[in-house]
Amino acid sequence: VHILLVEDDLESAKYAAKGFTEAGHVVDVLHDGKEGMVQCLQTEYDVLVVDRMLPGMDGLSMVKALRVSGNKTPVIFLTAVSGVDDRVAGLEAGGDDYLTKPFAFSELLARVNALGRRPAATVEVTLLQVGDLQLDLLQRVARRGDTEIELQPREFLLLEVLMRNEGRVVSRTMLLEQVWDFHFDPKTSVVETHISRLRSKIDKPFDSQLLHTVRNLGYSLHVPR
Amino acid sequence: MADTTNNPIPTLPAPVLDENSGLRPRGEVNAPAFLELLFSRALYRSSAFRLGLAISAIYLICFSIAWGLSYQFLQDGVLRRVDSSLNAHYQGMLSVHNELGSDAVLQIAQSSDTTPMGDGVAFQIVGPSGETIAGTMLTETMEFGWWTRDAEEMRLSNEGSVRFLVAPLGDNVVSLAKSLHTADELREDATAGFVKLFLISMMLGLLGSAYAAWRTHGRIDKITQVMRSVAAGQLSRRLPVDKSGDDINEFSTQINDALDRLQQNVDGLRQMSSDMAHELKTPLNRLYIQIEGATTKLYEQGIEVEELGKAMDEADYINSTFQAILRIAQIEAGARKAAFQPVNFIEVLGTVAEVYEPVVEEAGNTLQVVFDPRDAQHVMGDRELLMQVVVNLIENAIRHCPKGTMITLDAGEYHGEPWFRVADSGPGVPEEMREKLFQRMFRLEASRTTPGSGLGMTLVKAVADLHCASVRLEDNNPGLAITVKFEEDCPVC
């Protein structure tokens, strides 16, 4: 995945760039909003990672200008401020995701992976499949092999998010945002509890394990390697 | 519930707060029409109207006193003229009597008209033994001196009062009389005039006061409206000021100046918290990535360092406390009020209950939902903040109660005021400590060992204040019950 990182803190940018390269991505780093804008118009990127506060031109204006010019590259905003209004402003300006500082690099990587490989939205998928696990989005039914699995609506959504990100790590925060619409950090193990419930339904009764815990990062659904 | 199937990041709809929409903030009032005001209770509450009435009353009292005095002067004047006319007659009689003797007086007297009480002077002369010598006017004798008697009482033919002068004339007594009907007419006319003037003045005073009340009422309504929207977070609103330079204008100008300063301070505060956030979060971010980098590097070499995990936890703790402080400051500044929308908090409670039911169970407790999740209770508010309040309350209950605790979620409506309650059957909080729970960083001695920043309840209070809701902590016998009630009459909404 070809990434453009626009971040004014040199050290964070350096570290993130190294991390992206190690994860097998190609990354360009810039420290100024205007430069970032010009670069985007010249080169085709898969994902843009843009800090909200930038010298030259702030991140919000930069993305707004890009969207006006017809550029549809997915954008992740990085920000120090985390109010709802800020998040809404970011999404309205044309951002696709929003990450509040400080964050673990793994969190950023998980989000870049999710956005960078997002399938083209033109084809509506109605059946998700990972190994012998099937999720019928129209009939709202989950099946593993021949066995039908009963899921609560929220468990269904949780499984759907995990299946859409097959093979990629989905962080706790991503699950909180996408499944429960929580934009704050709960003090109790909400995600862990629900994952363990889901696991007891889709994995426990079967031979092979599909839902994996990735240490310190999050969860990943894939066929055992 | 937001459908997040195809849209992994739910976007909130743009805030709607149009003046013409059905969602007008409570308390928005328009200035009433003059006639409407005239028959409303608001008129009697208006200070301008009361002042107007007081001035009218003072005016009417002064007017009555002035009228009374001039009436008295007029009365006295008329009486003096009548008296001097009677006296002149008496002096005439006396000089005739002295110069020509009493027979001459009698002769004149018998030839003159003594009965009718026109404009002229009537008289009667009574001899020493009480017999009438001339004139027939009186039926009784009076002492010497000046008298005013009612004509009817004296069985005289005319109306009104009569003035008498009774005086000696040689051996005889002469009584002279003159009608006071001019004075009577004057009194009647003046009284009628006074009543008319009094009533007209009173009407004008009332109308004038009502008009003044209407004028100021409109302006004060405008001020009330602006101040309400300022309190609701629209700090850019200002009071109208015209060129008349009157006291309300002066007052409005002063308030506008104060609002300018307030806005500067709030803007400054916002700028400062966002600068602070940026300045502190950048190094915090570096700390995160360095700890993470070190952990990964060592992990790849097969080494796990427990201290690094703890360092990460500490960094997390610093971050979440800092985050909570920023959030509370943002909420207390009231900035989010501008984005209020109708929120069905039963749905919010239902969602939180659904999410937390397994978490509560995992902790060895029970979650009991008393309300009907299909019900609806709407309040104007911020869904995310309300959600966080419910989550904070439930998480507090989970973290501070031992296994086997029953956590109850309830909601309803009391006299038009919606409420919800999170109750537990845990150890509870001593009564004298309850208010302290709202203080920043306050933690009960017993809970020092459990994780938390002591900001959860402060946030609950800040969000409740923003929504004009009260937070009540009560004994659940055993345990703690926390009720959040949305007040109907809220000066800020």
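Helix H5(A) is mostly covered, with 11 of its 12 residues buried. The model described here is predicted.

**Helix H5 of chain A**
- Helix H5 of chain A runs over residues 105-116.
- From its first C-alpha to its last, H5(A) reaches 16 Å, close to the 16 Å expected at 1.5 Å a residue.
- The buried residues of H5(A) include Phe105(A), Leu108(A), Leu109(A), Val112(A) and Leu115(A).
- Among the buried residues of H5(A) are also Glu107(A), Arg111(A) and Asn113(A).

- Asp316(B) belongs to helix H7 of chain B, which covers residues 306-332.

**Nonpolar surface patch**
- A nonpolar patch on the surface is made of Leu53(B), Met203(B), Leu206(B) and Leu207(B), which together have about 330 Å² of accessible area.
- Helix H5 of chain B, residues 181-231, gives the most to the nonpolar patch, with 3 residues.
- Leu207(B) is located in helix H5 of chain B.
- With a relative accessible area of 43%, Leu207(B) is partly exposed.

**Strand E1 of chain B**
- Val126(B) is found in strand E1 of chain B, residues 122-126.
- Val126(B) counts as buried because its relative accessibility is 6%, and buried means under 20%.
- Val126(B) and Val173(B) are 47 residues apart along the chain, and their C-alpha atoms are separated by 5.2 Å.

Note on methods: Residues are numbered from 1 along each chain as its sequence is written. Chains are lettered from A and ligands numbered from 1 in the order in which they are written. This is a predicted model: local features need pLDDT of at least 70, side-chain atom pairs count only at pLDDT 80 or more; totals for chains, interfaces and linings use all residues. Side-chain values use heavy atoms; hydrogens and water are left out. Helices (H or I, at least four residues) and strands (E, at least two) are DSSP runs, numbered from the N terminus. The expected span of a helix is 1.5 Å times one less than its number of residues. Buried means under 20% relative accessible area, exposed over 50%, partly exposed in between (1.4 Å probe, protein chains only). Patches are made of residues with over 30% relative accessible area and no salt bridge: like charges are joined within 9 Å, nonpolar side chains (Val, Leu, Ile, Met, Phe, Trp, Tyr) within 5 Å. Accessible areas come from the Shrake-Rupley method with a 1.4 Å probe; for residues, only the protein chains shown count as cover. A salt bridge is a side-chain nitrogen of Lys or Arg within 4 Å of a carboxyl oxygen of Asp or Glu.
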